[in-house]
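Hi everyone, thanks for coming. I'd like to walk you through one structure today, so let me put it up on the screen.

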Amino acid sequence: MTVFILRRVLQAILVLAITSLIVFLGVYAIGDPLEILLPADATMAERAQVAASLHLDQPLPLQYLNFVSSALQGDFGRSFVYNRPALEVIFERLPATLELVTTSLVLSLVIGLPLGLWAGMKPGSLTDESVMTGSILGFSLPNFWQGMMLIMIFSVWLGWLPSTGRGDTGTVLGLHTSYATWDGFVHLLLPALNLAMAQIALVIRLTRTGVQETMPLDFVKYARARGLSERRILFVHVLKTILIPIVTVLGIEFGSLIAFAVVTETIFAWPGVGKLIIDSINMLDRPVVVAYILVIVTMFILINLIVDVLYSLLDPRIRSRA
Amino acid sequence: MSETLLEVRNLKTWFETPKGTVKAVDGVDLTLNRGEILGLVGESGSGKSITGFSLLGLVDPPGKVVEGSILFKGEDLRAASNKRLQALRGDRIAMIFQDPMMTLNPVLRIGTQMIETVRAHANVSKAEARAMARDALGMVGIPRPEERIDAYPHEFSGGMRQRVAIAIALLHKPDLIIADEPTTALDVTIQSQILSEVQKLTREMGMGLIWISHDLGVVAELAQNVAVMYAGRIVERGTVDQVLDTPMHPYTRGLIDSLPMENDRGQPLKQIPGNAPPPLGRPEGCPFRPRCGFATDACLSEPSETGDLSRGWRCFHPLAQEVTA
């Protein structure tokens with residue numbers, strides 16, 4: 001296990017080094033931030049002064065080396081726009097996004113698993129057909145349109161839920177979260193549901209297929225021959241078997257949810273990193289973009305590690321091989 | 001000891017498919033007493049496994065038991081509710097499957113699967129159930145049961161896994177065990193160990209055992225009575241000695257001849273010509289007719305069973321005149 005983790009850490013460092021180089025070059029290629037940061041009538045002297053203060057007058061390799069050496073000390077530079085450390089700006093916004101993403105992951109499991117099990121148990125039935133048709137809608141309708149429809153129905157027509165913003169937040173166990181207040185919770189519902197739509201559809205499909213592939217297997221018949229109840233067969237024997245592919249896919253999806261959060265955060269004016277990164281790209285706020293991507297890559301690596309650990313918890317055959 | 005445990009009459013299990021009705025089991029009669037081991041022999045597709053599943057109400061759709069009666073200790077299982085069948089399965093009637101690789105759930109510990117089986121039928125605590133499971137493992141010859149009970153199925157060898165399956169079957173001291181080719185996936189030495197183990201346990205516990213197999217050799221070693229199945233019917237039945245020494249049906253003769261024998265060394269193995277008929281295209285009359293060297297025009301109509309439920313056969317041209325019944 002120690003060797004396994006050590007190897008993963010080395011891999012992670014390599015991945016981070018390569019990404020930082022690619023991102024740094026990529027952002028450099030997009031354009032000159034001075035054009036945006038300075039007023040159009042700025043003099044050459046002012047230009048040179050700002051460029052020097054942001055270290056933009058140095059050649060690219062030197063800029064990169066400076067970046068790496070200070071990044072190693074935990075300093076990812078100051079945001080050009082907010083004039084504060086880039087990491088601070090990101091970490092200020094990140095909890096809102098993570099809260100949104102984890103809530104929609106939980107929603108997709110809480111809604112998707114039962115519906116998938118239900119549909120899978122009765123293939124070809126009316127239940128199955130309706131759930132499957134619903135899941136096609138979840139998949140194929142554009143996410144932003146679903147978001148606007150949710151606002152239309154629940155905020156405009158029914159008036160049940162607020163449509164924009166994060167609402168009041170509070171502190172629970174040292175975490176700053178919307179769950180602490182009722183106002184925060186109702187503000188979270190719509191964006192989380194919007195973000196979860198495609199995931200719910202995905203979980204439904206994976207679960208249904210899993211159930212249908214597992215039910216004809218011999219161990220299910222054997223479980224019946226031992227006189228176990230259908231409930232125990234479904235919720236213990238079948239569910240534990242099909243959780244393996246579901247965990248894999250959701251692990252991968254966690255990353256893309258953070259990416260998709262950009263759309264949802266924009267529609268619902270949710271103050272998360274998705275909105276921050278879009279603004280930063282528009283403003284060519286180089287340190288924030290680079291730091292953001294490195295943070296996201298680190299999270300991906302962590303998620304993958306967690307998925308691998310979950311695997312070995314779910315499947316004893318993997319455990320004995322490791 | 002000769003209390004009747006199971007009486008099956010005219011059992012028919014059919015599968016409705018888009019291409020037609022597959023009559024997997026087509027009028028099977030069986031009788032089994034306490035302490036008796038009955039070998040149910042036949043080729044793949046003869047309907048022997050489906051017969052076993054039909055007894056427990058475990059035939060997968062589109063299969064359905066359409067006719068006949070299954071009397072288990074006087075209770076008609078065909079009329080029994082699902083709840084009643086669920087209560088009987090694993091408790092009074094246990095089943096052992098062919099492939100121990102596939103039947104134990106790979107992601108659950110052996111202990112978990114044994115304890116759930118105990119607790120499905122007995123109102124005992126987890127600790128008591130665990131103790132029962134451990135004792136059962138010890139009884140079938142698994143070393144260090146206290147440790148092994150926490151292992152996963154893949155940590156056992158094939159033979160050990162099948163012992164676990166037997167231990168699970170014995171948990172509630174059932175009246176009847178249906179074993180569906182349980183030793184087919186095992187090598188010969190393990191097979192004979194398990195056979196003698198099963199024989200001993202059946203005798204000691206006074207259970208009835210139906211041993212489904214394609215291997216006449218194994219059945220000869222283990223059982224007292226044999227029923228030979230072909231195309232959904234029992235074509236010959238009797239004691240092991242009767243059936244093996246004086247087979248009446250040409251198919252039984254063929255099965256016996258195709259067993260490798262000591263004095264046939266170097267000779268090509270005899271085989272039954274042709275293949276078992278496809279389930280949807282069974283020939284009219286005697287289903288064995290196209291493969292039979294004795295077939296005449298009489299065989300164009302369906303032979304009825306000659307004899308009774310202790311010694312009988314379905315053939316117009318029995319191979320020998322019965323000397324002693």
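Let's start with one pair of side chains: A:Arg232 and B:Glu116 form a salt bridge, with N and O 2.5 Å apart. Please keep in mind throughout that this is a predicted model.

Which other residue does B:Glu116 pair with in a salt bridge? The partner is A:Arg226, and here the closest N and O atoms lie 3.2 Å apart. If you want to find this pair on the screen, look for B:Glu116 in helix H4 of chain B, and then cross over to chain A, where A:Arg226 sits in the loop between helix H9 (218–225) and helix H10 (230–267). As a reminder, side chains of opposite charge can pair when their charged atoms come close.

How many salt bridges cross the interface of chain B and chain A? The rule finds 3 of them. Searching the whole structure, over all chains, gives 25 salt bridges. For polar contacts between chain B and chain A, the count is 13 residue pairs, with both residues at pLDDT 80 or more.

Now, which parts of chain B make up the side that touches chain A? The elements giving two or more residues are strand S6 (93–96), helix H3 (100–103), helix H4 (110–121) and helix H7 (158–170) of chain B. Of these, H4(B) gives the most, with 6 residues. By residue type, that side of chain B splits into 14 nonpolar, 9 polar and 4 charged.

Let me zoom out to the whole interface. Chain B brings 27 residues to the contact, and chain A brings 21 residues. Together the two chains bury about 2300 Å², and carbon and sulfur atoms account for 59% of that area. On the chain B side, the residues that lose the most area to chain A are B:Val107, B:Glu116 and B:His154, together 24% of what that side buries.

Next, some helix packing inside chain A. Two packed helices are described by the angle between their axes and the distance between the axes. Take helix H5 (residues 86–121) and helix H8 (residues 182–214) of chain A: their axes come within 6 Å and cross at roughly 35°. That crossing is right-handed. The residues in this contact are 20 nonpolar, 9 polar and 2 charged.

H8(A) also meets helix H7 (residues 143–157) of chain A, where the axes come within 9 Å and cross at roughly 145°. Here, too, H7(A) passes H8(A) in a right-handed crossing. From H7(A), the residues involved include A:Leu150, A:Ile151 and A:Phe154, and they face a group in H8(A) that includes A:Leu193 and A:Met197. This contact holds 6 nonpolar and 5 polar residues, and no charged ones.

Before I stop, two backbone details in chain B. The peptide bond from B:Pro61 to B:Pro62 is cis, with omega near 5°. You'll find B:Pro62 in the loop between helix H1 (48–56) and strand S4 (63–72). The other is B:Asn10, in strand S1 (residues 4–17). Is its phi positive or negative? For B:Asn10 phi is positive, near 50°, in a residue other than glycine.

That's my tour, and I'm happy to go back to any view you like.

Methods: Residues are numbered from 1 along each chain as its sequence is written. Chains are lettered from A and ligands numbered from 1 in the order in which they are written. This is a predicted model: local features need pLDDT of at least 70, side-chain atom pairs count only at pLDDT 80 or more; totals for chains, interfaces and linings use all residues. Side-chain values use heavy atoms; hydrogens and water are left out. Contact means heavy atoms within 4.5 Å. Buried area is the accessible area (1.4 Å probe) that two parts lose on being put together, summed over both. A salt bridge is a side-chain nitrogen of Lys or Arg within 4 Å of a carboxyl oxygen of Asp or Glu. A polar contact is a pair of N or O atoms within 3.5 Å; within protein, one must be able to donate a hydrogen and the other to accept it, and residues adjacent in sequence count only if both atoms are side-chain atoms. Helices (H or I, at least four residues) and strands (E, at least two) are DSSP runs, numbered from the N terminus. Ala, Val, Leu, Ile, Met, Phe, Trp, Tyr, Cys and Pro count as nonpolar, Asp, Glu, Lys and Arg as charged, and the others, Gly among them, as polar. Axes are lines fitted to C-alpha atoms, for helices over the stretch in contact, and angles run from 0 to 180 degrees between N-to-C directions. A crossing is left-handed if the near helix is turned anticlockwise from the far one by less than a right angle, and right-handed if clockwise.
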